[in-house]
Amino acid sequence: MRQNIPLRLHVPEPSGRPGHATDFSYLRLAAAGAARKPPVDTSAIDTTDMAYTLVRVLDDDGNATGPWAQAIAPELLRKGLQSMIKTRIFDARMLIAQRQKKMSFYMQSLGEEAIGTAQVMALSKGDMCFPSYRQQNLLIAQDVPLFDMMCQLFSNDRDRLKGRQLPVMYSVRDAGFFSISGNLATQFVQAVGWAMASAIKGDTKIASAWIGDGATAAADFQTALTFAHVYQAPVILNVINNQWAISSFQALAGGESTTFAARGVGSGIASLRVDGNDFLAVYAASQWAVERARGNLGPTLIEWVTYRAGPHSTSDDPSKYRPADDWARFPLGDPIDRLKRHLIGIGAWSEEEQHSTQKAYEAEVIAAQKQAESHGTLATGQTSSVASMFEDVYKDMPWHLRRQRQQLGV
Amino acid sequence: MNMDDTSLKQKTTPMTMIQALRSAMDVMLERDDNVVIFGQDVGYFGGVFRCTEGLQAKYGRSRVFDAPISEGGIVGAAVGMGAYGLRPVVEIQFADYFYPATDQIVSEAARLRYRSAGEFIAPLTIRMPCGGGIYGGQTHSQSPEALFTHVSGLRTVMPSNPYDAKGLLIAAIECDDPVIFLEPKRLYNGPFDGHHDQPVVPWSKHPLGNVPDGYYTVPLESASVFRAGAELTVLTYGTMVFVADVAAAESGIDAEIIDLRSLWPLDLDTIVASVKKTGRCVVLHEATQTSGFGAELTALIQEHCFYHLEAPIERIAGWDTPYPHAHEWAYFPSPKRVGEAYRRVMGTMQGSHAGDGAATREAR
């Protein structure tokens, strides 16, 4: 009779923990220029190889190489670099403001600045992004006033959301930025619905959906893929794999021995896996996906391989679950440094410009902050009227909310 | 029954509730290019209850279409369509299966206007066949209305007859707030008073089965006095309207039966005026009792009519158990149970469901 061995539960673990280094060999990297560029009308199944490799354009010396390298106007790249620098300075400053209790909460996007910045530059006015909470670069790259963003963060009397939302849960319809929800993954399927609506109306607009590696485990992720595939919705399904969901390594979201891009292929969606810290690759892959969606060629899923360089949020201390020097060892580096090196290499940027740009944005952020603070912060309690708390629950205020407002005496 | 001017001028046709609901969707697909309809089996096949029959053939696959079996996906996609500017009318095949869509309904559809300060809205209508009395067992009989009435930002509506079904559904579709539209499937083909041993009469034999062919609305937040009476007020909705009515006839008690139609936000004035007149109140629903919508109705009456009340408010509801199969008629609030509640409230019958000390000891 056959001897049965005791079964064992497999619980994935990251290789690196506080005090010992991460082994990044799990990342399935490829050299810059190595991955092919499929035609935009490719079938999903023909992108299987693309889901297990890595599209990269910039090599270690900052040179653009391979089939995804394309002529991009230096002005666009300069604008991209400037937006990334601005995002990072904004984040750093807002982190301090949170520590000063001017707001209750903040989330940086340190290390992930390239992805949203490059994609939004590949999209057109009227397209709609369905972001998660770490895509502030979508707003900053479109020059949404920092003042408006800060007023939301401070929940002050100029907060367009009237103090109803946690900081960073922006909503900016005019910038094609859908209202952020605290509930993970919900926006992914909503983006597909928005894209379906555009198709139903015979419009030319497309949707861009955003989700993190951890949230791909939520049901709405798979639902979004199914609906996008079934209805061939004009949507770009962006998975930002920054390796971490708070303290959980991406293997715990189902990334062990596979990729998130592979989920797309499995659902019948053309998929790419791209270096998320390579601005040129992000722009080229986004353009490819935009062309597919805009051309009625269907949805595209893109896994952006990057690293969450900062804490998950101001309520998080990553030193409790991962090595302190992890980002310095991450093989894909820093998106700002890499684009900067490329631009200097082609003679479109300089250290002096880098320095002066940083100074200029620091001044701009400080000025915007001063202006925003003059309308109050959470600490000063200078908020929108308490009576506004009862508005917008419904289009018209029902009797019970009018009554409750009266009970509050406002 | 509140008939508006528009409906009175129109030619009417005898319709079942199914036909009335279909007519409402037909009218709205015709009137508003932004109305789209989708859900499981609603397209080519016309719905498992025939509520969308013929609509895809008439309006095309981009207006009326079949959806994957994913309630979260159906509602989530509809939220996205609403954000774009469409007016989706989606179907969850049975109310018992809305649970996978809970996050999209509660966290998204209901909150979108509020959290975006009106930048984005979710003008959805989510149709769900609900209720028991059909040997549907645990997952084809539930009445989950209390799970929706508890959610800020939702409107919850339930018609009890074809005329209201069409008028309320048109009003729901036109409403810019998300509306949970619960359809008592027991009433789809004819009124039902709980006498399951008697043949069901079709809607064609009932005055409320006469439905105007074109556009009209029954306003949301408007209750209807289904039966005027002087002795006690019955607050109810859906199938229980007919149970309440037959119980009044059988008990000889002159009950004023109020069909709430809109559960939340509701028509408080009609309710309060009636209870202040009668001084007595019975709250009646199919859903389980504890923390059911009846608890909210009871609290509202207590708050607004306390000094007019001459007896404790009685609640008659489904038992606090999952909906059983074989014990259908012991579970479903019967005309007998309802009539006994009337008599208790009138003081002509002893005993109470309220559970005084003696009853609690006895139950042990």
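Mentor: A salt bridge here is a side-chain nitrogen of Lys or Arg within 4 Å of a carboxyl oxygen of Asp or Glu. This is a predicted model, in which local features need pLDDT of at least 70, side-chain atom pairs count only at pLDDT 80 or more, and totals for chains, interfaces and linings use all residues. Side-chain values use heavy atoms, with hydrogens and water left out; residues are numbered from 1 along each chain as its sequence is written, and chains are lettered from A and ligands numbered from 1 in the order in which they are written.

Trainee: How many salt bridges does the rule find across the interface of chain A and chain B?

Mentor: Glu303(B) and Arg403(A) form a salt bridge through their side chains, at 2.7 Å from N to O. Over all chains the rule counts 45 salt bridges. Across the interface of chain A and chain B, the number is three.

Trainee: What area is buried between chain A and chain B?

Mentor: Buried area is the accessible area (1.4 Å probe) that two parts lose on being put together, summed over both. In terms of contact (heavy atoms within 4.5 Å), chain A gives 42 residues and chain B gives 49. Ile200(A), Tyr394(A) and Trp399(A) lose the most area on the chain A side, together 18% of what that side buries. Carbon and sulfur atoms give 59% of the total, which is about 3800 Å².

Trainee: Which element gives the largest share of the side of chain A that touches chain B?

Mentor: Helices (H or I, at least four residues) and strands (E, at least two) are DSSP runs, numbered from the N terminus. The interface has 28 residue pairs in polar contact, both at pLDDT 80 or more. A polar contact is a pair of N or O atoms within 3.5 Å; within protein, one must be able to donate a hydrogen and the other to accept it, and residues adjacent in sequence count only if both atoms are side-chain atoms. Helix H5 (186-200), helix H6 (219-230) and H12 of chain A each give two or more residues to that side, and the largest share, nine residues, is from H5(A).

Trainee: Is Asn238(A) buried or exposed?

Mentor: Asn238(A) is in strand S3 (residues 235-241) of chain A. Beyond four places in sequence, the residues in contact with Asn238(A) include Gln119(A), Phe188(A), Trp210(A) and Trp304(A), and its side chain makes a polar contact of 2.7 Å with that of Gln119(A). Buried means under 20% relative accessible area, exposed over 50%, and partly exposed in between (1.4 Å probe, protein chains only). At 0% relative accessibility, Asn238(A) is therefore classed as buried.

Trainee: Which residue's side chain is joined to that of Thr22(A) by a polar contact of 2.7 Å?

Mentor: Thr22(A) is in the segment before helix H1 (74-99) of chain A, and its relative accessible area of 6% makes it buried. The polar contact of 2.7 Å is with the side chain of Asp326(A).

Trainee: Why is helix H4 of chain A largely enclosed by the rest of the structure?

Mentor: The buried residues of H4(A) pack against H1, helix H3 (136-140) and H11 of chain A. Among those buried residues are Leu146(A), Phe147(A), Met149(A) and Phe154(A). H4(A) (residues 146-154) is largely enclosed because its buried residues number eight of the nine.

Trainee: How many residues apart in sequence are the parts tied together by Glu351(A) and Lys340(A)?

Mentor: The two residues form a salt bridge, with the closest N and O atoms of Glu351(A) and Lys340(A) 3.2 Å apart. Glu351(A) is partly exposed at 44% relative accessibility, whereas Lys340(A) is buried at 15%. Glu351(A) lies in helix H11 and Lys340(A) in helix H10 (residues 335-345) of chain A, so the separation in sequence is 11 residues.

Trainee: In which element of chain B does Arg87(B), the partner of Asp32(B), lie?

Mentor: The side chains of Asp32(B) and Arg87(B) form a salt bridge at 3.6 Å, N to O. Both Asp32(B) and Arg87(B) are buried. Asp32(B) lies in the loop between H2 and S2 of chain B, 55 residues away in sequence from Arg87(B), which is in strand S4 (residues 87-91).
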